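These are my notebook entries on a structure with two chains. I wrote down what I looked up, in the order in which I looked.

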Amino acid sequence: MHTITAILVGLLFGCAIYLILQRSFIKLVFGFGLLTHAVNLFILSMSKSPLGKSAPIITPGNLVSVDPLPQALILTAIVIGFGVTAYMITLVYRILKDAHDQ
Amino acid sequence: MGIISKYALLLGILLPTLLIPFFFIPSKSIKKYAGLLAMMAPLASLGIILSIANKVGIPQVNFVNWIPELGIHFSFLIDGISLFFSITTCMMGALVCAYSHYYLPKSSPKNSRFYAYLLFFITAMLGTVLSNNIGLLIVFWELTAIASFLLIGFKSSKEGSQKGALATLITTGFTGLCMLVGLILLSILTGTSELSEVLILAPTLTQIQPYLTTIMVLILIGAFGKSAQFPFYFWLPKAMSAPTPVSAYLHSAAMVKLGIFLIARFYPIFGGNSLWAPILITIGVITMVIGAVYAVMTHDIKELLAYSTVSQLGALVMSYGLGTTYGVEHDFYQILNHIFYKGALFMAAGVAIHTFDTQDLRKMGGLFKFAPIAGIAAVISVGAMIGFPGTTGFISKELLLHTILTIPTQKENGIILAAMLVAAIGLVIAGIRFLTLFFGNLKGLSEEHIDPPSMGIQLPIIIAASFSLIFGLFPQDAVFWCDYLRVAGLHYPSPASLSIWQGITNPLILSGGILTVGAGISWVLYKRKWVDCTLPETAKLETKFDHLLNTIQKISTAITAGVKTDHSPDYLMIILGFIAGLLLLILLPLFPELILPFLFKMDDTNTLGSLTAILIGGAAIATLIAKTNINKLIAISVVGALISFYFLLYHAPDLALTNLMIEAIGVVLMVLLLIRLPKEDTSQKVDGTLRKTANITIASTIGVIATSLILLMTNNQVLDSISGYFIEATVPLAGGSNAVNTILVDFRGFDTMGEISVLVIAAIGVIGLLWKKGGSINQ
């Protein structure tokens, strides 16, 4: 599953960068949304394969759990990514509206 | 050393700069006497420096900590060399301040700025010559370049000033960089950044011969740049666009002497190097001849003096090259000679320029009647310049001829002597030409229109000139002082005497010959009204330098025009393309062994995982293919939802929940945007095939890089992860069983704080954008 994730991340990165390189603001926002997912999965893949492991809930008897650190980092990243996306959406709205009004 | 004298030297050096604010006080009496007040600053500095030297004796090191981590200290070496140059800097500085007082237009608001630059320059000069620390030396060295840039460009509205200032800064800046490299290498090789310690190590340094030669060449380039040696000499004539007091100071006494100072300072270290003498003699001789010839071939009074300075500096450099392993003799005497006569001549030229309002020698003449004191001073100084008996110049020239005649016979000997004779004759002609502005008929002006120069402006000129006469008539006095400043390693161990009359010797005969021939040629040229003295502009190196600067400017303009575009995505493409290319270059050699083997290691395949991954990939590609924005949005929200599920497969319930919520809000926002969106003008946004190919290449390269990085990093882990600590410590330290949650709120609580701050900032930004132009959010 680890290798699959690696390939998936590559694909997401490719799609995101392609969208970002377009000359349309909307596509830029879409590309940025994809990029957020790609980066999150990238960080998650650092915890290697999750097969045969449990969630990072520490209970007696649960000895092998997945790495909690990437998850903690991603949790922060998701929220910040949302903040940035929301800002970008309104920014694009403002730019296009102003351009239209003129 | 007492605490007072410890900081006293630093105070002495900084004093002129510390007094600068004083000149900006809006007081009429300060403005009125600004020059005379400014004169006090270098004199006070000199008093402090001399009293410290007198109290503790020389040589001594004065040490105050500054940046100990970098080995940079306020460490000053007071020895013969630094004292000599401090004295000349301060003395000429004081004279020039007094001269400026009468030279500058009265009560001009710019005067404060002028004195500020001048005093700043004096501080930089004192710091450079007194520095014992290599770092400090470099700092002060560059400060002199900056100060001279400000002073040369003082008449900032004139194009000549701008160009002259720029040429000075570029030349001395470039050569200063070479010196910087040399000094840093020297400091690394010797393990110390204190010059006094390097000088002690000097005899043992021969072991690092190859490096030492490189260091020597680099440091000499710095010296040649500052002292206007070939091929850097062109900045000096260009710098003549400065106000005349500045020329009198920087370009005769102060800044150009720094290179000479550097050569003297490093003589004990490099004097024995086999390349030392050849380099100094070659460069010195070339500069000496070029300067003298060009000094004859000009009609501009300041250019004449500038080129004669170039020639004289070449002679000084050559004389250091002619020194033996025991050292040199009477070098200070020769420097003194040049400082006083050239300072006086520049100041006299300033008087003439002021009176005639031109710099063309052909339009000047007969000034003596109106400025007799300056005239006498000019006669004395020209006497020193051409080596007339009774002046310092005569003895100086005798010494140089004597040195050349007594060096062991080599085949280069004749060349050096011939060059010396040509240069000396050139200087005689230039000197006599200079005097034509004082004698003959009054030119350009009628007698009633002339505004005779004041007494005050002539006084500093005669003071400077009188030194040439006093030390010329009584050379033993000068020798006495120079003897006190004797430096081990640079000078002969025992003093040699000087006298005007040494019998009929070969140098005397040559001197006489030089004067006669020079006077003869001058007479011929004078009769022909100096028409032969015009040099075509193209023969000057200054023109070549201007051309070089223009070419560089054109090239950079062309490159900029080629690279810049009007569309920001283009820049993004360049940046991303560069990053992709760079990373690919780094990763390529790692592919066969560290990346590819793991790509096909599918030992942990999971059907659910693979299926989800394929669906996500399909949805991602659908975002590219979809035609309308709404369809793209649907595809991208599918990606988001499936990724939440993928998080679950990674046993990350927190991530799955958060992502799902955020995705939902994100989609709502996007829909709102799309609904209210004014139609985007897409007519100009269709990409060409080339552009499309480039985009696809960059995007896929980055994708490949991302995959490779994951495979590389996770399969070739060098260090242990710190996650084990969080898993072990989450229950005992944080009291929670969910390790992700404890990391967020306990172990890395501040990160979460930062995350919330980012959200707040983003929210404020969103509100600001929506509220623009008085509209409300609901609009």
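**Entry 1: terms and ground rules**

I count two residues as in contact if their C-beta atoms, placed from the backbone, lie within 7 Å. Helices (H or I, at least four residues) and strands (E, at least two) are DSSP runs, numbered from the N terminus. The model is predicted, so to speak of a local feature I need pLDDT of at least 70, and side-chain atom pairs count only at pLDDT 80 or more, while totals for chains, interfaces and linings use all residues. Residues are numbered from 1 along each chain as its sequence is written, and chains are lettered from A and ligands numbered from 1 in the order in which they are written.

**Entry 2: chain A**

I looked up the elements of chain A and found three helices and zero strands. From the N terminus on, they run α-α-α. I then checked the radius of gyration, which is taken over C-alpha atoms, against the globule rule, 2.2 Å times the number of residues to the power 0.38. Chain A has a radius of gyration of 18 Å, well over the 13 Å that the rule gives for 102 residues, so chain A is more spread out than a compact globule. Its C-alpha atoms fill a box of roughly 65 × 25 × 10 Å along the principal axes.

I call a residue buried if 20 or more other C-beta atoms lie within 10 Å of its own, exposed if 12 or fewer, and partly exposed in between, with C-beta atoms placed from the backbone. By that count, 60% of the 102 residues of chain A are buried.

I also noted the confidence (pLDDT, the predictor's own value for each residue, from 0 to 100). Its mean over chain A is 87, and 99% of the residues reach 70 or more. Within chain A, helix 3 has the lowest mean, 87, and helix 1 the highest, 92.

**Entry 3: one glycine in chain A**

I picked A:Gly10, which lies in helix 1 of chain A. Is A:Gly10 buried or exposed? A:Gly10 counts as buried because it has 24 C-beta neighbours inside 10 Å. Which residues is A:Gly10 in contact with, leaving aside its neighbours within four places in sequence? They are B:Gly703, B:Val704, B:Ala706 and B:Thr707.

**Entry 4: where the chains touch**

I looked at the whole contact next, and it takes 70 residues from chain A and 86 residues from chain B. On the chain A side, the elements that give two or more residues are helix 1 (2-20), helix 2 (25-45) and helix 3 (68-101). Helix 3 of chain A gives the largest share, 25 residues. I sorted residues by type: Ala, Val, Leu, Ile, Met, Phe, Trp, Tyr, Cys and Pro are nonpolar, Asp, Glu, Lys and Arg are charged, and the others, Gly among them, are polar. The chain A side divides into 46 nonpolar, 18 polar and six charged residues.

**Entry 5: chain B as a whole**

Chain B has 31 helices and two strands. Its radius of gyration is 37 Å, well over the 28 Å that the globule rule gives for 779 residues, so chain B too is more spread out than a compact globule. Of the 779 residues, 45% count as buried.

**Entry 6: helix 26 of chain B**

The expected span of a helix is 1.5 Å times one less than its number of residues. For the 21 residues of helix 26 (residues 629-649) of chain B that should be 30 Å, and the end C-alpha atoms are 30 Å apart, which agrees. Its buried residues include B:Leu633, B:Ile636, B:Val639 and B:Phe647. What covers the buried residues of this helix includes helix 2 of chain A, together with helix 25 (607-625) and helix 27 (653-676) of chain B.

Most residues other than glycine have a negative phi, and most peptide bonds are trans. B:His651, in the loop between helix 26 and helix 27 of chain B, has a positive phi near 60°. B:His651 counts as buried because it has 21 C-beta neighbours inside 10 Å.

I found B:Ala228 in the loop between helix 9 and helix 10 of chain B, with phi near 55°. B:Ala228 is buried, with 28 other C-beta atoms within 10 Å. B:Pro231 lies in the loop between helix 9 (209-226) and helix 10 (235-238), and the peptide bond from B:Phe230 to B:Pro231 is cis, with omega near 0°.
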